[in-house]
Amino acid sequence: MKLFGTNGVRGIANREMTADMAMALGKSLGTYMQRHNLGLRVTVGRDTRISGDMLKSAAIAGLLSTGREVTDAGVLPTPALQYYVRSHTDAGVMITASHNPREYNGLKIVAGDGTEFSRSGEAEVEDIYFSQQFHIAEWERTGSFSRDSTALKTYMDAIISLVDLDLIRNAGLTVVVDPGCGASCEVTPLLLRHLGCRVITLNAQPDGTFPGRAPEPTKDVLTDLMNTVKASGADLGVAHDGDADRVAFVDEMGEFLDEEDLLALMAEHVLRHKKGKVVTPVSSSLQIRDVTESMGGELIWTAVGSIDVARKMIDTGAVFGGEGNGGLIFPEFQYCRDGAMTAARMLEIVAGGRKLSELKSGLPVYYNIKIKIRCNNLDDVIQKVACALEEQEVDTTDGLKVWYPDGWILIRPSGTEPIIRIYAESKSPDRAEELIQYGSRLVEKCSNE
Ligand code: MG
């Protein structure tokens, strides 16, 4: 059995993700830290989900039983917790199900340097969890507990210190912010106001029933934001997912900004100020490669997952990295996806004078298609697909990627579900369609063999 998915442990609260589990995970992490001499201090935080207090309290009790000293940082975005952990404690626990639907919750571990916990660390915590070989402290060594409500302010101050304050303030921007009743309610509206913007808010009251919209900020749930931007004549709309490590934008015409466009625009902006390497997963559009190369930078492809992107950025000293889902990483701040930091950088872009819709229309155009196929024996099928592709040059950074002169196709198994994802891209819509058909026929054939 596997506990940790791509992004921590997740499930429906009190059904798949219970207080017992959170307590055992707290004990497991405490035991792991004891074994590896990683220190005693752990910060715990949560997003606005209803079951957050229950799971947080259980995780804290588990940690205290192993002798850890726990600080409760309250309700805050995951990147704010990560920033706090890096400067104050030896590890962190975030109670969140990120962008998942309302009924879900989960638990995510943060390493002492504020980065996402490594996959090998997760595997060991998982082993401890299932073996139940917990380090249980003697009565006089059980842990202490305190609260610290300064994490949000420290986080916002740090972002403000990194952006071009004069440029943004002088632009007099109007921004509509939709935190979706999630963890960014107490952050992004305030931050943008500090940066001199006129801020209009939607769904900005913390509420774990998410009455305004679903926690994932996709185009189809952001209709209110798009309409409000248009009606108010704002320069920009900003929306976050439940734990605000991701962000989505709406341009001044009320149009949703495609996440691949966001990635390319941000790469261009960063490279304009600092030349260097840019890291993105193999599933990203060629837009970011074209933009990076035209700005004199170097693009590095990596496996899918923010932890892989962050790790590669550290190893290569990259100046920017990100995934095509609104999870962007700015190394001058921290090596994790950061929604509020991305929003602040976007203000710099728009403060430059050109409208977001104009900037978007200047980007290279590609057509990309993504599909998924249900499939039970993933490893087996992928192996057969690899054999069928033998004649071609296959890039195995993550899954199987084949480059053609006029496009590419990527076939990769999901890390969490019994599905195979197929991606295709080309400058020609017909060619993209042809590639995706080729890929899906190949996968279907290999799974029926
Ligand atoms: Mg998230």
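**Reading salt bridges, strands and burial**

Me: How many residues apart are R272 and E268 in helix α9, and what does that separation amount to?

Reply: R272 and E268 are four residues apart in helix α9 (residues 259–273), so about one helical turn separates them. Please keep in mind that the model is predicted. The side chains of these two residues meet in a salt bridge, at 3.8 Å from N to O.

Me: Is R272 buried or exposed? And how does E268 count?

Reply: The general idea is to compare the relative accessible area with two cut-offs: under 20% is buried, over 50% is exposed, and values in between are partly exposed. R272 has 52% relative accessibility, so R272 counts as exposed. E268, at 23%, counts as partly exposed.

Me: How many salt bridges does the structure hold? Which residue pairs with K56?

Reply: There are 23 salt bridges in the structure. K56 pairs with D72, and their closest N and O atoms lie 2.8 Å apart. The relative accessible area of K56 is 7%, so K56 is buried. D72 is likewise buried, at 7% relative accessibility.

Me: Which residue forms a salt bridge with E323, and which residues are joined into one network by shared partners?

Reply: E323 forms a salt bridge with R337, with 2.9 Å between the closest N and O atoms. This pair links distant parts of the chain, since E323 lies in strand β13 and R337 in strand β15, 14 residues apart. Both residues are buried. As for the network, R46, D53, K56 and D72 are joined by salt bridges that share partners.

Me: Which way do the residues of β4 point?

Reply: In a regular strand the side chains alternate between the two faces of the sheet. In β4, A91, V93 and I95 point one way, whereas G92 and M94 point the other way, and all are buried. Five of the five residues of strand β4 (residues 91–95) are buried, so β4 is largely enclosed by the rest of the structure.

Me: Which strand is joined to β4 by five bridges, and which pairs with β4 over four bridges?

Reply: Strand β2 (residues 41–46) runs parallel to β4 and is joined to it by five bridges. Within this pairing, R46 stands opposite I95. Strand β5 (residues 104–110) pairs with β4 in the antiparallel sense over four bridges, and I109 in β5 is the bridge partner of V93.

Me: How many residues of helix α3 are buried?

Reply: Eight of the 11 residues of helix α3 (residues 78–88) are buried, and the helix is mostly covered. Among the buried residues are P79, L81, Y83 and V85.

Me: What is the strand order in the open sheet of five strands, and which strands stand at its edges?

Reply: The order is β12-β11-β13-β14-β15, with mixed pairing. β12 (298–302) and β15 (334–337) are the edge strands; each has a single partner, so one side of each is left without a neighbour in the sheet. From one strand to the next, the twist averages 15°. Helix α10 (residues 287–294) packs on the sheet, touching β11 and β12, and its direction makes about 150° with that of β12. Within the sheet, β11 (residues 277–281) and β13 (residues 320–323) run parallel and are joined by two bridges, with V278 standing opposite F320 in β13.

Definitions and conventions:
Residues are numbered from 1 along each chain as its sequence is written. This is a predicted model: local features need pLDDT of at least 70, side-chain atom pairs count only at pLDDT 80 or more; totals for chains, interfaces and linings use all residues. Side-chain values use heavy atoms; hydrogens and water are left out. Two strands pair if DSSP finds at least two bridges between them. Axes are lines fitted to C-alpha atoms, for helices over the stretch in contact, and angles run from 0 to 180 degrees between N-to-C directions. Contact means heavy atoms within 4.5 Å. Buried means under 20% relative accessible area, exposed over 50%, partly exposed in between (1.4 Å probe, protein chains only). A salt bridge is a side-chain nitrogen of Lys or Arg within 4 Å of a carboxyl oxygen of Asp or Glu.
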